[in-house]
Each structure stands twice: as C-alpha cells, then as structure tokens.
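Please look at the structure below with this report beside you. The report takes up its pockets, one of its helices and then the chain as a whole.

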Amino acid sequence: MRINRYLAECGLASRRKCEEFVIRGEVSVNGSVVTDLAAQVSRADVVTVGGRRVSPVSGHVYLMMNKPKGCVTTVSDDRGRKTVLDIVRADYPDTRLFPVGRLDYDTEGLLILTTDGDLCNRLTHPSSEIEKLYSAKVEGRVTDDDLAAIRRGIVLDGKKTGKSRARLVSYDAKTNVSTVEVAIKEGMNREIRRMFESLGKSVRFLKRVAIGDLRLRGVDRGSYRKLTREEVEYLKNM
C-alpha cells in the first residue's frame, strides 16, 4: 500500500497529515529514509517515524473523528442530512461501523467509530461513568456562581444532572464571550447547552476534546484517523 495509507493505518494521523511526515524526511522503511509519497510498503516492512517503529492496528476498526458541525451522529438519517458515516464511506464502503455515543448536530469534536460492538456497548453503558471533556464558547461573563451551579448539578426536565467539573478558561471583554471547560459523565440530550441556558446564557460553540484520557489530536475538522494500538488498549481497559 502507499506509504501515507500505511502510516494512517498505524493511527498516526489522517493520510494528508501523514504525507507531511514523509516530506519532512521523518519516515524510514527498512532503515532507509523515504521521501517519495508514491512509495509502496507492505506489512512485512519495518517502518519507523521519528525513530519509533510503527505498525498497523489489525482486527476491528477503531477510528477517531473530529466531527464537524452540520452532520448527525447516526448510521442513517430519514431527513436526508449528512451523517458521520458519510465522512468515512469512501475508505470504508462496506464496513459496518457505528459511532460510540453521540454528539449533537451543532457540536464538534472527538467521536469514536468502531466495528467492535462489545466495546461500544461497554463505553456507552450508563454504569461506565466515563468523563467527557468539552470546550464551550458562552455568551456573556460566566461567573463563579454559574460554575458552582454546574458543578453541583442542574435540574433539566425534572432530573438533576450529575456532579461535574467546570472551570473558566478565559473571558474576552471585546466579544463578551467566556471560554469554559466542562467535564460530564452522562449524556443527556444537549446537556451542556441546556445547563447554560438554565443560567440565562447561550452556548455559541461546543466541542468535545477528550473522552477520559483520550484526547483529540492529529485530526483536522471533518477528518479522521485510525486509533493507535495504545489508544485502543486504553479504551479496552477503561
């Protein structure tokens, strides 16, 4: 297979990003530096990036996507909207992938897609209580009282949200926008947006940046890559 695809199969980054590793001379095949993007490699070759050996993840498919706004986290949509599977369909036309959990239509960020149903069920089960970290742009100044209310839990539709972590990252007086990090362990519909709405504030932008210790990295908005072996093992041991 072409060198950029091989590196992407190793979970390093998207194919386009992997091309940059090759162009910069960071990739070696069987001890020789490769800078030709048309170079072909096989699974029998010894490939290193920055001196570290890499190899493709085999078995089930595990993908990290940087979900963009304007698509739904479903396998199909009866309203004809773009789905997250449409983004990966060119590379996985006949693979039965499904998203692990959901991100709202207007929410961006880290989403895992996999063929591993057991892992998907375990990670999404309510008893798992896995923390998800979000970065939010909120209209107005978010006060200490606002943060304290979110940490304690807010009643939405008669049900109180679980305790969470929340901190103010910054406040821009010119735009009157606060940047806030919120970590939750549940997944109520539009939970973070609705928590701020209950405090009289509107969320302009929301992005999931981490699931547990697995952080969104090496993936442009609207793109995806394979998880590394280490990342897959981390998810399996959560």
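## The largest pocket

Helix 4 (117-124), strand 8 (132-139), helix 6 (191-198) and strand 13 (203-211) each supply at least two residues of the lining of the largest pocket, and strand 13 gives the most, with 3 residues. Helices (H or I, at least four residues) and strands (E, at least two) are DSSP runs, numbered from the N terminus. A pocket, on a 1 Å grid over the protein atoms alone, is an open set of points where a 1.4 Å probe fits, with protein on both sides within 12 Å along at least five of seven lines, and its lining residues have an atom within 4 Å of a point.

The largest pocket has a volume of about 710 Å³, a volume being the space filled by probe spheres set on the grid points, which are joined across faces, edges and corners. It is lined by 30 residues, of which Lys132, Lys185, Glu186, Gly187 and Met188 are the closest to its centre.

## Basis of the model

This is a predicted model, in which local features need pLDDT of at least 70 and side-chain atom pairs count only at pLDDT 80 or more, while totals for chains, interfaces and linings use all residues. Residues are numbered from 1 along each chain as its sequence is written, and side-chain values use heavy atoms, with hydrogens and water left out.

## The second largest pocket

The second largest pocket has a volume of about 380 Å³, and of the 16 residues that line it, Ser14, Arg15, Asp91, Ser223 and Tyr224 lie nearest its centre. Helix 1, helix 2 and strand 15 (224-226) are the elements that give two or more residues to this lining.

## Helix 2

Helix 2 is followed by glycine 25, whose phi is positive, near 75°.

## The whole chain

The protein chain has 7 helices and 15 strands, and 49% of its 238 residues count as buried. Its C-alpha trace spans about 60 × 40 × 35 Å along the principal axes.

Note on methods. Buried < 20%, exposed > 50% of the residue type's maximum accessible area, 1.4 Å probe, protein only.
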